[in-house]
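These are my notes on one chain, kept in the order in which I looked things up. I began with the terms and then went from the whole to single residues.

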Amino acid sequence: MTGVGMVALPAGILASAFSERLRVGQRRYETAVTEALADDVITREEKIALDRLCNELGLSPDDAESILRREAARRSLLTSE
């Protein structure tokens, strides 16, 4: 029983830290996307910068695309009201 606890506790701590790091990265990427969408257009330079940030943060292309679409939709809802 103690052996299982000695493995499970560090594994849980590592998983929690990984999850928090991913969440922080996603928030950072969301902020960058919001800034890029400030003028309602993502320029080529902004796209390159977003791709670079995505790679630095270790986000998958699918996660990045999902964040980009969500922020664009949210922005469009805010401007249409």
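I take helices (H or I, at least four residues) and strands (E, at least two) as DSSP runs, numbered from the N terminus. Glutamate 71 then falls in helix 3, residues 61-80.

I note that this is a predicted model, in which local features need pLDDT of at least 70 and side-chain atom pairs count only at pLDDT 80 or more, while totals for chains, interfaces and linings use all residues. Residues are numbered from 1 along each chain as its sequence is written, and side-chain values use heavy atoms, with hydrogens and water left out.

Entry: the whole chain.
I counted three helices and zero strands. Read from the N terminus, the order is α-α-α. I looked up the overall dimensions next: the C-alpha atoms fill a box of roughly 60 × 30 × 15 Å along the principal axes. The radius of gyration is 17 Å, whereas a compact globule of 81 residues would have one near 12 Å. That radius is taken over C-alpha atoms, and the globule rule is 2.2 Å times the number of residues to the power 0.38.

The accessible surface is about 6000 Å², and carbon and sulfur atoms hold 60% of that; the areas come from the Shrake-Rupley method with a 1.4 Å probe, and for residues only the protein chains shown count as cover. Of the 81 residues, 19% are buried. Buried means under 20% relative accessible area, exposed over 50%, and partly exposed in between (1.4 Å probe, protein chains only).

Entry: helix 1.
The buried residues I noted in helix 1 are Gly25, Tyr29, Ala32, Val33 and Ala36. Valine 4 is also in helix 1, but counts as exposed because its relative accessibility is 58%. From valine 4 to alanine 64 I read 60 residues in sequence and 37 Å in space, C-alpha to C-alpha.

Aspartate 40 sits in the loop between helix 1 (2-36) and helix 2. Its phi is near 70 degrees, a positive value in a residue other than glycine. Aspartate 40 counts as exposed because its relative accessibility is 51%.

Entry: helix 2.
Which residues of helix 2 are buried? I found Leu50, Leu53, Cys54 and Leu57. They lie on the same side of helix 2 because they cover an arc of only 105 degrees around the axis, the arc being that of the directions from the helix axis to the C-beta atoms. Arg44, Glu45, Asn55 and Glu56 are exposed on the other side of helix 2. Just after helix 2, glycine 58 has a positive phi of about 75 degrees.

Entry: glutamate 71.
Is glutamate 71 buried or exposed? It counts as buried because its relative accessibility is 7%. Leaving aside neighbours within four places in sequence, glutamate 71 is in contact (heavy atoms within 4.5 Å) with Glu30, Val33, Thr34 and Leu37. I also noted a polar contact of 2.8 Å between the side chains of glutamate 71 and arginine 74. A polar contact is a pair of N or O atoms within 3.5 Å; within protein, one must be able to donate a hydrogen and the other to accept it, and residues adjacent in sequence count only if both atoms are side-chain atoms.
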